[in-house]
Amino acid sequence: MFMKKILIVSLLTNILQAELPKGFCYVKDKIPTIELELRYYSNNNFIGSKIDGYFAPKAILTVKATNALLSIQKELKKFGLGLKIFDAYRPQKAVDHFVRWGHDLSDVKMKAIYYPNVKKRNLFRDGYIAKKSSHSRGSTVDLTLIDLESKEELDMGSPFDFFGKQSWVYYGKISAQAHANRMLLHNIMLKHSFKSYLQEWWHFTLNDEPYPKKYFSFLIN
């Protein structure tokens, strides 16, 4: 009976993975050594609760973007470093959740942690929240660098998803080590055909993304 249950779970997993749109894959399938901390599957994010559309702690990206990350992971390994992903493909349902939250000015329970110096009513104006996200196109990823042995994140001068100038790529009022770490991440991502978003040190989009104008809504299972 136990073996039968394992077989059923395995078959269900394969079925779910087969339902991904053409050109997409589960990142861990191609890069087993990559670390995942899918923040929107948890309460540890700027809203403070699990986000709509995230039904499993799995990172999904286009195959093209994943192959680029694989090359980066191999290069970083030579220096005892690796990648950790905070968010990858993001269904439109999740983006809609962000928008609803952004309009609810009474919900500020995570303000002290994620946007202490930014007024919530300005999050749309300042570009922190939008009705469409490049993540929904499948080739944008939020990530950082880790020490491969300890799995600890390198100091980047601000936490992931911190809304404010402190997270800008070239913000100057951080330690020399944090700046060096940001530049290492920034430069290696650009070297492997990603472009950065200068207001978020963790945010990168594949230059020649397969679906530059298509926003997907399939859920993360």
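Does H203 count as buried or exposed at 11% relative accessibility? H203 counts as buried, where buried means under 20% relative accessible area, exposed means over 50%, and partly exposed covers what lies in between, with a 1.4 Å probe and protein chains only.

The legends below describe a predicted model, in which local features need pLDDT of at least 70 and side-chain atom pairs count only at pLDDT 80 or more, while totals for chains, interfaces and linings use all residues. Residues are numbered from 1 along each chain as its sequence is written, and side-chain values use heavy atoms, with hydrogens and water left out.

**View 1. H203 and its place in strand 7.** H203 is found in strand 7, a name that follows the rule that helices (H or I, at least four residues) and strands (E, at least two) are DSSP runs, numbered from the N terminus. Between H203 and L123 there are 80 residues in sequence and 17 Å in space, counted from C-alpha to C-alpha.

**View 2. The largest pocket and its lining.** The largest pocket holds about 320 Å³ of space. The lining is made up of 20 residues, and those closest to the centre of the pocket are R90, G127, Y128, S133 and E200. On a 1 Å grid over the protein atoms alone, a pocket is an open set of points where a 1.4 Å probe fits, with protein on both sides within 12 Å along at least five of seven lines, and lining residues have an atom within 4 Å of a point. Grid points are joined across faces, edges and corners, and the volume is the space filled by probe spheres set on the points. Helix 4 (92-103) and strand 7 (200-206) each give at least two residues to this lining, and the largest share, three residues, belongs to strand 7. By type, the lining has ten nonpolar, five polar and five charged residues, where Ala, Val, Leu, Ile, Met, Phe, Trp, Tyr, Cys and Pro count as nonpolar, Asp, Glu, Lys and Arg as charged, and the others, Gly among them, as polar.

View 3. In total, the structure has 20 aromatic pairs, and rings of Phe, Tyr and Trp (its six-membered ring) pair if their centres lie within 6.5 Å, with planes under 30 degrees apart counted as stacked, over 60 as edge-to-face and the rest as tilted. The rings of F86 and F160 are stacked, because their centres are 4.4 Å apart and their planes meet at 15°. Since F86 belongs to strand 4 (residues 81-87) and F160 to the loop between strand 5 (140-147) and helix 6 (176-191), this pair ties together parts that are 74 residues apart in sequence. F86 and F160 are both buried. Y89 and F218 form another stacked pair, with 4.1 Å from centre to centre and 10° between the planes. Because Y89 lies in the loop between strand 4 and helix 4, and F218 in the segment after strand 7, their pair ties together parts that are 129 residues apart in sequence. Y89 and F218 are likewise both buried. Ring pairs also link a cluster whose members include Y40, F46, Y54, F86, Y128, F160 and W202.

**View 4. Two lysines over rings.** The charged end of K58 sits over the ring of Y26 at 5.2 Å from its centre, and the charged end of K120 sits over the ring of W101 at 3.8 Å from its centre. A charge sits over a ring if NZ of Lys or CZ of Arg is within 6 Å of the ring centre and within 35 degrees of the ring normal.

**View 5. The largest nonpolar core.** This core has 57 residues, of which L69, L83, I85, L143, L185, M189 and F194 touch the most other members. A nonpolar core is a set of buried Ala, Val, Leu, Ile, Met, Phe, Trp, Tyr and Cys residues joined through side-chain atoms within 4.5 Å. Among the elements that give two or more residues to the core are strand 1 (24-26), strand 3 (60-62) and helix 3 (63-77), and helix 3 supplies the largest share, five residues. In soluble globular proteins, nonpolar side chains tend to be buried together.

**View 6. Two residues with positive phi.** K151 is not a glycine, yet has a positive phi of about 70°, and D161, also not a glycine, has a positive phi of about 65°. K151 counts as partly exposed, because its relative accessibility is 39%, whereas D161, at 5%, counts as buried.
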